[in-house]
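Have the viewer open and follow along.

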Amino acid sequence: MEQRDQRVVIAGAGLAGAQTAVRLREAGWAGTVTVVGAERHRPYDRPPLSKDVLLGKAEGAPLDVDFDTLGIELLLGRTATGIDAGARALRTDAGPVPYDQLVIATGAEALALPGSEGTPGVHVLRTLDDAARLRPLLTARSPLVAVGAGWIGAEVATAARAAGAPVTVLEAAGHPLPGALPPELTEPMRQWYADAGADLRTGARVAAVRPGEVELDGGELLPAGAVLVGIGSRPATGWLAGSGVELAADGSVRADDRLRTSLPGVYAVGDCASFPSARYGRRLLVHHWDNALAGPATVAARITGTADTAYDPVPYFWSEQFGRFVQYAGRHAPHDTLLWRGDPAAGSAPGAAWSVCWLDGAGVLRAVCAVDRPRDLAQGRRLIERGARLDPVRAADPAVPLKNATV
């Protein structure tokens, strides 16, 4: 069958799905490209949801893609419900969509706080509609309780304080950003909340959520015009049950290093897929924008036959919170050596900047986290890609560019 007679169907109209469609056309794919999305909105970017969209500075963040000119068909308002591998068809709630090649890009879904499902005033922030529901409450300066001091909790707290709304952030762990960064790194961030007028409470567990209030273990009641649940996300792969697509223990699609799944002609990309990393010696599940942007190139290259390279990026993410730009690249391990570049205590003041590096036992740079030091992040990311070794003395000197600290 000639390429122009073949059909690529992409399940998911988020960044990963839309970018896969664009990359296919850029790689010369002449066949049909169809993107199936559960939301009725045209594909949009998600990072602005917790920033300009939530603050009412923008109504949306549509991707700058002319799908019509590229010949990309959008089937919106259709939910993927399964795969008929024998018939090579994506099942949807509006009927089957035949494919020759299928790309799974259904992303992730926000975790619910147990016991809060269906409670009025409880929100998550994953979609444009989620932001539209939460925005008027911030505008009205309703008291906000954010459950979870992760990236979403911090960014929504930032937006709420900018809108003048009272904010309490509850974190069950002993420090903010648990699971992402170690406590010695996040300790200086506590002051960011205080300086912004947000009440950060760590070691705080929620006993119950009721309309208008949150009850903590111990019985304390907090007024809550809105409750934002930001306790993490999971791959949106429940619809694949019985499809023959192998899932990993964390619920992600178990893709190989070319992002192929266990079904012939079926790929997976973005937040819903995990992949083996030779660089880090383990399978990675990366729920961040950069992964959704980068993975589609590998999938498009495989489908078009223009390249056959392993997908093994240096994970990268960023967050804007309380006037700071926090960036992280790589993946550190508990036994890696942590080097400070700059004074984290001084980093509590706006305008101050610092970063940290993690080196393995051989001195190889494995990860870097930068607060308002984008040059450290950019140079560090390239050094991680190269597997470069650093001189720990020079690397710990913030006056020495990281690229000049190699050995």
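A salt bridge here is a side-chain nitrogen of Lys or Arg within 4 Å of a carboxyl oxygen of Asp or Glu. Before we use that, some housekeeping: this is a predicted model, so local features need pLDDT of at least 70 and side-chain atom pairs count only at pLDDT 80 or more, while totals for chains, interfaces and linings use all residues. Residues are numbered from 1 along each chain as its sequence is written, and side-chain values use heavy atoms, with hydrogens and water left out.

By that cut-off, the structure holds 24 salt bridges. One of them joins lysine 51 to glutamate 155, with N to O at 3.2 Å. Lysine 51 sits in the loop between strand S2 (32–37) and strand S3 (72–76), and glutamate 155 belongs to helix H3 (residues 151–162), so this pair ties together parts that are 104 residues apart in sequence. Those element names come from DSSP runs, numbered from the N terminus: helices are H or I with at least four residues, strands are E with at least two. Lysine 51 and glutamate 155 are both buried. Buried means under 20% relative accessible area, exposed means over 50%, and partly exposed is in between (1.4 Å probe, protein chains only).

Next, look at arginine 302, which forms a salt bridge with aspartate 308, where the closest N and O atoms are 2.9 Å apart. Arginine 302 counts as partly exposed because its relative accessibility is 24%, and aspartate 308 is partly exposed too, at 42%. Then there is arginine 373, whose side chain meets that of aspartate 376 at 2.7 Å, N to O. What is the burial state of arginine 373? With a relative accessible area of 19%, arginine 373 is buried, and aspartate 376 is buried at 4%. Some salt bridges share partners: Asp257, Arg258, Arg302 and Asp308 are joined into one network that way.

Three strands make up an open sheet, ordered S13-S14-S15, with antiparallel pairing; two strands pair if DSSP finds at least two bridges between them. Strand S13 (206–210) and strand S15 (221–223) are the edge strands, each pairing on one side only. On average, neighbouring strands of this sheet are turned by 20 degrees against each other, direction ignored. Between strand S14 (residues 213–216) and S15 there are three bridges, in the antiparallel sense, and glutamate 213 stands opposite proline 223 in S15.

Finally, the rings. Rings of Phe, Tyr and Trp (its six-membered ring) pair if their centres lie within 6.5 Å; planes under 30 degrees apart count as stacked, over 60 as edge-to-face and the rest as tilted. Searching the whole structure turns up eight aromatic pairs. Among them, phenylalanine 275 and tyrosine 311 are edge-to-face, at 4.9 Å centre to centre and 65 degrees between the planes. This pair links distant parts of the chain, 36 residues apart: phenylalanine 275 is in strand S20 (residues 273–277), and tyrosine 311 in the loop between helix H6 (289–304) and strand S22 (316–321). Phenylalanine 275 is buried at 2% relative accessibility, as is tyrosine 311 at 5%.

Tyrosine 316 and tryptophan 318 have ring centres 6.1 Å apart and planes at 25 degrees, so that pair is stacked. Tyrosine 316 is buried at 12%, whereas tryptophan 318 is partly exposed at 22%. Last stop: Trp151, Phe317, Tyr328 and Trp358 form one aromatic cluster.

Technical notes. Axes fitted to C-alpha atoms, helices over the stretch in contact; angles between N-to-C directions.
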